[in-house]
Amino acid sequence: MRKSKPKTGSRKKKSAAKAKKKPGPVLKDRLEAEFAKSVMTAKSYVGNAQRLRSLFQEAARQAAAMPREPFQETWPYFQAMLRLIRAYSQGNYRDVPESTLVVIIAAIIYVVNPLEVIPDALPALGFLDDATVLALAVRKSRQTLDDFMAWETAAL
């Protein structure tokens, strides 16, 4: 009558499932370091309309070929980020704090970057780091993105 062994097995399954949901400390640290590099690069984009337009074009091209499943509810915000960058680069929308704009640009740079923590070519895992970075950027810029989308709607 040993029932403890099956319980141990079920605990292992639960911890394995949790491991898939949460990045390990090494992966998380590397992701944060890569995003920090993107933030530094993003600062040079803020005052350069041509670089912003080029970034928008590259990101829009890549987004058209990306699977949407890993991004879940952040996908509409990702699209809003792209439109905001385009509107900002054209001078049509400037009601965005520079620090928030830098976070948005950094997230887009990270998504476009082919040398990232988890290469996009890896099946099932390739876009998880992109989705994580976008979720972080959405958390930090949600109000600005909501304001931008309201501005877009009013402008129509």
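How many residues apart are Glu58 and Arg61 in helix α3? Keep in mind as you look that this is a predicted model. Glu58 and Arg61 sit three residues apart in helix α3, so about one helical turn separates them. These two side chains form a salt bridge, and their closest N and O atoms are 2.5 Å apart. How open are the two partners? Glu58 has a relative accessibility of 27%, so it counts as partly exposed. Arg61 comes in at 53%, so it counts as exposed, since the cut-off for that word is over 50%.

Now for another pair. By the rule used here, the count of salt bridges comes to two. Arg83 is partly exposed, with a relative accessible area of 26%. Glu152, at 19%, counts as buried, because buried means under 20%.

Finally, take a look at a loop. Between α3 (49-65) and α4 (75-89) runs the loop that holds Gln72. What's curious about its backbone? Gln72 has a positive phi of about 45°, even though it isn't a glycine.

Notes. Residues numbered from 1 in each chain as written. Predicted model: local features only at pLDDT ≥ 70, side-chain atom pairs only at ≥ 80, totals over all residues. Heavy atoms only, no water. Helix = DSSP H or I, 4+ residues; strand = E, 2+ residues; numbered from the N terminus. Salt bridge = Lys/Arg side-chain N within 4 Å of Asp/Glu carboxyl O. Buried < 20%, exposed > 50% of the residue type's maximum accessible area, 1.4 Å probe, protein only.
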